[in-house]
Amino acid sequence: MVSATIDLLKKELPFEEGSLVLSKDVKTGLVLVDVVNGFCSVGAGNLAPVKPDKQISYMVKESARLAKLFCGEKWPVFAFLDSHHPDIPEPPYPPHCIAGTDEARLVPDLQWLENEANATLKCKDCIDGFLGSVEKDGSNVFVDWVKKNQLKAILVVGICTDICVLDFVCSTLSARNRRMLTPLEDVIVYSGGCATFDLPVHVAKDINGALAHPQDLMHHIGLYMAKGRGARIVSEVSFAAL
């Protein structure tokens, strides 16, 4: 039933995915959205997968691959880490990624970024990383990163495709359109480098207040919405000879 619905959705709401070849000709930064234990590591918390998940595992693998390539070329990397104060809830979600816990840390394959001079790590306490980058003095860590590195493009990967990734992409596109992110031109989302969670309807109906969230369906919708807002969606990312 779900697979038939997904096939119908993709037929009724199709979108084209391109390919991306990265080179020194276009200064590009990598943005990792919430590739933390609390969303990606099995059994790590209330919003972590309860069993190995193919889509999430592939996203982690591709995120780590790209991070190593970017850092190897000394290209800028920006990593958001979902991180919440225990006394400040984020409805409708249960407590998750509490600051100072292992849930709020990058997954093991990316923890080396904590000591990487080429990487900027930003703890965020809300869904939208763009808003989560606003400091008490009104400055924005992400905006400053784009401008400092004079980025023409950003490549976005992470979790969840239809929630934190989508919100960040939409806000970034609006800020770009208002010329708040000069010289940024392209916001690129790598579909294979993104993932979302799976909560089938037969499970959701037994959880008070929960909404069904079929993984493949919501992943497609997240990418479709990002494309509709002006992002480029790519299914392949490679590097030119550097």
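Hi everyone. Let me start with a rule: rings of Phe, Tyr and Trp (its six-membered ring) pair if their centres lie within 6.5 Å, with planes under 30 degrees apart counted as stacked, over 60 as edge-to-face and the rest as tilted. By that rule, F78, F80, F130, F142, W145 and F168 form one aromatic cluster.

Before going on, a word on what we are looking at. This is a predicted model, where local features need pLDDT of at least 70, side-chain atom pairs count only at pLDDT 80 or more, and totals for chains, interfaces and linings use all residues. Residues are numbered from 1 along each chain as its sequence is written, and side-chain values use heavy atoms, leaving out hydrogens and water.

Back to the rings. The structure holds twelve aromatic pairs. Take F80 and F168: their ring centres are 5.2 Å apart and their planes sit at 65 degrees, so this pair is edge-to-face. F80 lies in strand β3 (residues 77-82) and F168 in helix α6 (residues 161-177), so the pair ties together parts that are 88 residues apart in sequence. Helices (H or I, at least four residues) and strands (E, at least two) are DSSP runs, numbered from the N terminus.

Are F80 and F168 buried or exposed? Buried means under 20% relative accessible area, exposed over 50%, and partly exposed in between, using a 1.4 Å probe and protein chains only. F80 is buried at 1%, and F168 is buried at 0%.

Now the strands. Two strands pair if DSSP finds at least two bridges between them. Strand β1 (residues 18-22) and strand β7 (residues 232-239) run parallel and are joined by five bridges; there, V21 stands opposite S238. Strand β6 (residues 186-195) also runs parallel to β7, with three bridges, and I188 has R232 as its bridge partner in β7.

Next, the backbone. Most residues other than glycine have a negative phi, and most peptide bonds are trans. Which residues have a positive phi of about 60 degrees although they are not glycine? D34 is one of them, and K74 is another. D34 is in the loop between β2 (28-33) and α2 (37-40), and is buried at 0% relative accessibility. K74 is in the loop between α3 (54-72) and β3, and is exposed at 67%.

There are cis peptide bonds to point out too. One runs from P91 to P92, with omega near 10 degrees, and P92 lies in the loop between β3 and β4 (119-124). Another joins I159 and C160, with omega about 0 degrees; C160 is in the loop between β5 (153-159) and α6.

Last stop, the largest pocket. A pocket, on a 1 Å grid over the protein atoms alone, is an open set of points where a 1.4 Å probe fits, with protein on both sides within 12 Å along at least five of seven lines; lining residues have an atom within 4 Å of a point. The largest pocket holds about 970 Å³ of space, where a volume is the space filled by probe spheres set on the points, and points are joined across faces, edges and corners. Its lining has 34 residues, with L47, F197, D198, L199 and H213 nearest its centre.
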